Amino acid sequence: MRTIIQSWGSRGDIQPFLAAAQGLQAAGHEVTVLTSTTYEAMAAEVGVGFRGVFCEMESILREDERALKAMREGDVGTFAEGLNEIIEEHAGTHVRRWYEAVREIGPELIVCGTLCEFFGFVAMFHLKIPTIVVRLGNVEFDGRASLGLPDLPFGLNRVVARLVLSQFYEGWRRGLNAAAVDVVGFDACRWYDRETFLVDCERPEITDTLVAMPTPVADVLFPSKRPGFVNIGYLALEKRDAPSLFGTERDAVADFVAASDRVVYCGWGSMTCRSPEYMVVFVVHALKLAGLRAVVLRGWGGLSPE
């Protein structure tokens, strides 16, 4: 079956879907991953089809002062505004490249990942292509606060979550939807309004959305697990000798892990909180309290022993 997997973001938003692509290929399906131009080498190393559809995100998270300031201060609203500006700036190019790829590949199924729900909606309801949405996490509306937001009383977590997600929807409406009207001839937001979007976010089981979380993580971050919640666990790459995926320190890490049965992994990928120095001190203090050794991922956040 010809399948497109689409996901946009930093490496943590892409690598799990490369693993999904490997699994589908192993099952005999023809798979093409639509993502940022940055990840062409990574896709080639793990042996999956690739189309560079979306703009590069890593440099924005590393270099954009607004994004860095928002992450340092935990300012989710400002981060969402910055992301919306990126979406609007590149909307025309993204929609055109995406539409060209879909027409050329002719998929029988689309697996829709991070920041690609809008494209999945167009595929499903305009192009009539079966589409599955897979999230690497989910926003809690009624329980513990999500998105790094403070935990609030009296049901205010739900109010704040809806406000933040409404910001993301506005980015879709102003950028992607306007481009889709021009390029594809489909006014998605006429049918997929803000309230429908918020219901999909709050109740993923309604649209059979899959949430890719291992159980121990889901128990903490998504404790409600309403009826219909689907936990598909880890998405792990099979290939282990890809330099752009695993770097050059694999043997040293393997020796470190083998020296103890109490080793944990700590990593935040591209995201930082306050500063890289703060995060290093935070994790070392936590490890001392827990009596554990750890492999800490440097990532694009710039974590360092120094």
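Modeller: The crossing of α4 and α5 is left-handed (the near helix is turned anticlockwise from the far one by less than a right angle). This is a predicted model, where local features need pLDDT of at least 70, side-chain atom pairs count only at pLDDT 80 or more, and totals for chains, interfaces and linings use all residues. Numbering starts from 1 along each chain as its sequence is written, and side-chain values use heavy atoms, without hydrogens or water.

Helix α4 spans residues 65-73 and α5 spans 76-105 (DSSP runs of H or I, at least four residues; strands are E, at least two). Their axes lie 8 Å apart, at about 155° (lines fitted to C-alpha atoms over the stretch in contact; angles between N-to-C directions, 0 to 180 degrees). The pair is therefore roughly antiparallel (over 145 degrees). From α4, Arg 66, Ala 67, Ala 70 and Met 71 make the contact (heavy atoms within 4.5 Å). From α5 come Thr 78, Phe 79, Glu 81, Gly 82 and Glu 85. By class, 4 residues are nonpolar, 2 polar and 3 charged (Ala, Met and Phe are among the nonpolar types, Glu and Arg among the charged, and Gly counts as polar).

Now the cysteines. The whole structure has 0 disulfides (cysteine sulfur pairs within 2.5 Å). Cys 55 is buried at 11% relative accessibility, and Cys 189 is buried at 14% (buried is under 20%, exposed over 50%, partly exposed in between, with a 1.4 Å probe and protein chains only).

Last, the backbone. Leu 115 is not a glycine, yet its phi is positive, about 60°. Leu 115 sits in the loop between β4 (109-112) and α6 (117-125), partly exposed at 24%. Lys 128 also has a positive phi, near 60°. Its loop runs between α6 and β5 (131-135). Lys 128 is exposed, at 63%.

Methods:
Angles under 35 degrees count as roughly parallel, over 145 as roughly antiparallel, 65 to 115 as roughly perpendicular and the rest as oblique.
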